[in-house]
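Please look through the sequence and the structure shown here before reading on. The report that follows goes from the overall make-up of the chain to a few of its details.

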Amino acid sequence: MAESDWSEVTYIGHRPGKASQLRSKQAVNSALRTGADIETNKKYAGGQNKQMSANKNTAKLDRETEELHHEHVALDVAKLIQQGRQAKGWTQKDLATKINEKQQVVNDYEGGKAIPNQQVIGKLERVLGMKLRGKDKGQPLNTK
């Protein structure tokens, strides 16, 4: 018992704060007051999913002009989709289910409001059995 140092304090069960607590404004201010080293980093594009980003500058698209605007599905293609769906007796929901898309996607394509996606148009061509692209729009799709 003689070798005990009474000036040394040992905390049992004391854990440092969580990372979110260490980054709080209160923790940063207390570290500034005590003179501790603080490291701050600003990550470029942190928290974004860059692989799914748009291919055009979204700020430019927000300022749409006649020179730079969103391309929409042509009205003749929209009418062909609608006529092909009605000829088969399907609702928009039925067609959307068959191409694994939402009903809103089919609604936008039929209304001419959708931005064309070649994969979706390809699905629509296969399910409806008619060409929606090229010179011979509306002709039966040649399946070999």
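This is a predicted model: local features need pLDDT of at least 70, side-chain atom pairs count only at pLDDT 80 or more; totals for chains, interfaces and linings use all residues.

## Overall make-up

From the N terminus on, the elements of the chain run α-α-α-α-α-α-α, and the secondary structure accordingly comes to 7 helices and 0 strands.

Of the 144 residues in the chain, 19% are buried. Among the contacts between residues at least 6 apart in sequence, 42% join residues that are at least 24 apart.

## Helices α4 and α7

Two packed helices are described by the angle between their axes and the distance between the axes. For helix α4, residues 75-88, and helix α7, residues 118-128, the angle is about 35 degrees and the axes are 10 Å apart. The crossing in which α4 passes α7 is left-handed.

On the side of α4 the contact is made by Ile81, Gly84, Arg85 and Lys88, while α7 contributes Leu124, Val127 and Leu128. Sorted by class, this contact of α4 with α7 has 4 nonpolar, 1 polar and 2 charged residues.

## The second largest pocket

The second largest pocket has a volume of about 150 Å³, and its lining is made up of Leu22, Arg23, Ala27, Val28, Ala31, Asp37, Ile38, Glu39 and Thr40. Helix α2, residues 25-34, provides the largest share of this lining, with 3 residues.

By class, the lining of the second largest pocket has 5 nonpolar, 1 polar and 3 charged residues.

## Two loop residues

Val73 is found in the loop between α3, residues 58-62, and α4. Is Val73 buried or exposed? With a relative accessible area of 7%, Val73 falls under the 20% limit and therefore counts as buried. Leaving aside neighbours within four places in sequence, Val73 is in contact with Ala78, Tyr109, Gly112, Ala114 and Pro116. Val73 and Gly111, which are 38 residues apart in sequence, are 8.5 Å apart in space, C-alpha to C-alpha.

Asn100 is found in another loop, the one between α5, residues 92-98, and α6, residues 103-111. Most residues other than glycine have a negative phi, but Asn100, although it is not a glycine, has a positive phi of about 60 degrees. The relative accessible area of Asn100 is 65%, which is over 50%, so Asn100 counts as exposed.

Definitions and conventions. Residues are numbered from 1 along each chain as its sequence is written. Side-chain values use heavy atoms; hydrogens and water are left out. Axes are lines fitted to C-alpha atoms, for helices over the stretch in contact, and angles run from 0 to 180 degrees between N-to-C directions. Helices (H or I, at least four residues) and strands (E, at least two) are DSSP runs, numbered from the N terminus. A crossing is left-handed if the near helix is turned anticlockwise from the far one by less than a right angle, and right-handed if clockwise. Contact means heavy atoms within 4.5 Å. Ala, Val, Leu, Ile, Met, Phe, Trp, Tyr, Cys and Pro count as nonpolar, Asp, Glu, Lys and Arg as charged, and the others, Gly among them, as polar. On a 1 Å grid over the protein atoms alone, a cavity is a set of points where a 1.4 Å probe fits but cannot get out, and a pocket is an open set with protein on both sides within 12 Å along at least five of seven lines; lining residues have an atom within 4 Å of a point. Grid points are joined across faces, edges and corners, and a volume is the space filled by probe spheres set on the points. Buried means under 20% relative accessible area, exposed over 50%, partly exposed in between (1.4 Å probe, protein chains only).
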